[in-house]
Amino acid sequence: MGKFEVLDHPLIQHKLTIIRKKDCGTREFRQVVDEIATLMAYEVSRDMPLEDVEIETPMGKTVKKRLAGKKVVVVPILRAGLGMVEGILNLIPAAKVGHIGMYRDEETLQPHEYFVKMPGDLGDRDMFIVDPMLATGGSAIMAVDALKKRGAKSIKFVCLVAAPEGVKALREAHPDIDIFAASLDDHLNEDGYIVPGLGDAGDRLFGTK
C-alpha cells in the first residue's frame, strides 16, 4: 500500500496560507506556488536512492554519494499543474517533463483526457504527477491510468490541497502509489470544490475566470 503524507513543514504551511487568501494576486500566487513546489520536492525526493562515486576534492580522492537509479519525470495535469513544474525543476533540473491534458465536465464532474505527451521508457523512471488540487480524485485517477497504460511503475502524486474524498478515491483506485499533499482540507462542496481550499488554482495561476 502506498502512503499518504501531509507535508507539515512550517515554511510549506506558511506559504500555503498566503495563497489561500482571496486577495492574493496572480503574480504572488504564481510565485508562492512555485516556492511550495520546491519545498515539497525536497520532501518527496527523500527516498531517492544513492550510490557511491569516487571524486577528487582539492584535498585528495574520496568516495561520496550521488543520485542513482531511475530518472525523474515531472507530469503536470494541465493546466494548473504547470504552476508546480518549475518549482520541482529548481531542485531536480535534469528531470524530464511530460504533460497530461484533461478537462472536467461541469455537469458530471468527470474528467476527460485530451492530450498525453511523455518521454520514452516510463518503466525506468520515477514519475511525479503534479496538480495543485486533489478534489474528487477523478483527474488524478485518470492521470495514473494514463501513465500505467504507458508502462510507468513508480508513480507519486503531489498536490497542494487535498480533499478526503479525493484521497480515498485515488487510494482505492491505485493503492500502490504514494500521495503527498501540503494540506488535507475539510470536504468538497456540491460543485466539487475543496473547502476551505484556495478556489480555482488554474484561474488564480493564469489570471483567467
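In helix H1, which spans residues 10-20, the buried residues are Ile-12, Lys-15, Leu-16 and Ile-19. These residues lie on the same side of H1, because the arc they cover around the axis is only 105°. The model described here is predicted.

## Nonpolar surface patch

A nonpolar patch on the surface is formed by Tyr-103, Tyr-114 and Phe-115. Together, the three residues have about 340 Å² of accessible area.

## Cysteines

The number of disulfides in the structure is zero. Cys-24 takes part in no disulfide, and the cysteine sulfur nearest to it, that of Cys-159, is 18 Å away. Likewise, Cys-159 is in no disulfide, with the sulfur of Cys-24 as its nearest cysteine sulfur at 18 Å. A disulfide would need the two sulfur atoms within 2.5 Å.

Both cysteines are classed by their accessibility. Cys-24 has 8% relative accessibility and therefore counts as buried. Cys-159 has 0% relative accessibility, so Cys-159 also counts as buried.

## Cis peptide bonds

Leu-78 and Arg-79 are joined by a cis peptide bond, with omega about 0°. Arg-79 sits in the loop that runs between strand E4 (71-78) and helix H3 (82-91).

The peptide bond from Val-195 to Pro-196 is also cis, and its omega is near 0°. Pro-196 is placed in the loop between strand E13 (194-195) and H6.

## Backbone at Asp-121

Asp-121 has a positive phi, near 55°, although this residue is not glycine. Asp-121 is located in the loop between strand E7 (111-117) and strand E8 (125-130). With a relative accessibility of 55%, Asp-121 counts as exposed, because exposed means over 50%.

Methods: Residues numbered from 1 in each chain as written. Predicted model: local features only at pLDDT ≥ 70, side-chain atom pairs only at ≥ 80, totals over all residues. Heavy atoms only, no water. Buried < 20%, exposed > 50% of the residue type's maximum accessible area, 1.4 Å probe, protein only. Helix = DSSP H or I, 4+ residues; strand = E, 2+ residues; numbered from the N terminus. Arc of directions from axis to C-beta. Patch = residues over 30% accessible without salt bridge, like charges linked within 9 Å, V, L, I, M, F, W, Y side chains within 5 Å. Areas by Shrake-Rupley, 256 points an atom, 1.4 Å probe, with all protein chains shown as cover. Salt bridge = Lys/Arg side-chain N within 4 Å of Asp/Glu carboxyl O.
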